[in-house]
Amino acid sequence: MAGSAVLSAGAGLLGDVAQLLGSVQAGGLVGDVVPVDVSVRRPETLLPLTLAAAAMWFVLQAIEAAGWVIAAALGVGIGLRPARRLAKRERFCTAWGEAVYFAVQVFVSYRLFSGTSWYWPSSWDTLTEETPEGHPSPPVYRCAREMRTYYAIEFGWYATGFVVLFLKKRRGDFLEMLSHHAITCVLIFTSYTYGYIRVGIVVMTLHNLFDPFLNMAKCCHYALKGPLHVLADINFGIALVVFLISRLVMYPVVVYNVWFHNVMYPGKVPVWDATADQWICKICLVMLYPIHLFWFYLILKVAKRACKGGTVQNDERSDSEDESEPDGGTGPRAAEDGGSRKRKQK
């Protein structure tokens, strides 16, 4: 019985992904309106999200495997001792995996949702709500099939990322990344459960815009030498501007709309008359902002030293450091830690 349920959920997920790819090619939402039926009270409804997380694990492994091939072709770590070369290629593959995933997600989001009326600005959405007779709460919400698939994939990616944090070597920004992934998973699951999918997609897009540029800057730093290393500086500069606009300027606009505009329950004051699920979403959205401010502070420190030194490379760890020393991080904290260690060495 359980096996047939898993097979059915897997076949459904594959069909949803096929529909999403077709809609991306068409440039808009063309799928059917489908129910978003998920509840912790009914574990069988969690199967699609669980399978999405498992699928994204294999997707991540495939992307990083391609990254290993590219790292070898580009000669990443050539001339270093084997352990250092392996560590540097692992960092390259981690950055490559995130750069590819988030670039694809931003492209998919733009193709599917940019032409919709609710894409910006967004607050609580108005998904169709219905409660069939005899159906347990919460009510069943309906949305475009592609939106449900996009949500499942995004949840799968962050759930996988949360697990990977414990499997790979601890990095300088481990606690910040752990908090970020945990809050994001709670936000995605809660908004998915209670039908707040449209505002969730907007929040995801704003967060995803920054990551391709930062991770491409890392890839260029690890792989390129000489004049070509300027590509790392260019990507880092773009990442700084995108982070400022998307996460520190545009994101608070969404949070404001979520807190002070309530179109799901007209006539109520959204600040005080929010439901329990809305409070969870609102508090989690606010909790992400201090993390953004902290990361931007670190990015500015890296940029300041880069301007003085002429390149972002001056803020990364030296490849000649001891192999037994803990590795740098993958987030903004990584360059900050590297710069601090260099000052101590001087």
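Student: What should I keep in mind about the numbering and the model before reading any value?

Tutor: Residues are numbered from 1 along each chain as its sequence is written, and side-chain values use heavy atoms, with hydrogens and water left out. This is a predicted model, in which local features need pLDDT of at least 70 and side-chain atom pairs count only at pLDDT 80 or more, whereas totals for chains, interfaces and linings use all residues.

Student: Why is V17 called partly exposed?

Tutor: Buried means under 20% relative accessible area and exposed means over 50%, with partly exposed in between (1.4 Å probe, protein chains only). V17 has a relative accessible area of 28%, so V17 is partly exposed. This residue is found in helix α1 (residues 2-26). By the rule for buried residues, 51% of the 346 residues of the protein chain qualify.

Student: What makes the space beside V17 the largest pocket, and what lines this pocket?

Tutor: On a 1 Å grid over the protein atoms alone, a pocket is an open set of points with protein on both sides within 12 Å along at least five of seven lines, while a cavity is a set where a 1.4 Å probe fits but cannot get out; lining residues have an atom within 4 Å of a point. The largest pocket has a volume of about 380 Å³, and of its 18 lining residues, V17, M56, V59, Q105 and I153 lie nearest its centre. Two or more lining residues come from each of α1, α2, α3 and α4, and α1 gives the largest share, 6 residues.

Student: How do you know which classes the lining of the largest pocket holds?

Tutor: Ala, Val, Leu, Ile, Met, Phe, Trp, Tyr, Cys and Pro count as nonpolar, Asp, Glu, Lys and Arg as charged, and the others, Gly among them, as polar. On that division the lining of the largest pocket has 17 nonpolar residues, 1 polar residue and no charged residues.

Student: How many cavities are there, and what lines the largest?

Tutor: The count comes to 4 cavities of 30 Å³ or more, and the largest cavity has a volume of about 270 Å³. Its lining has 17 residues, with T94, E98, G161, V164 and L165 nearest its centre, and helix α4 gives the most to this lining, with 4 residues. By class, the lining of the largest cavity divides into 6 nonpolar, 4 polar and 7 charged residues.

Notes
Grid points are joined across faces, edges and corners, and a volume is the space filled by probe spheres set on the points.
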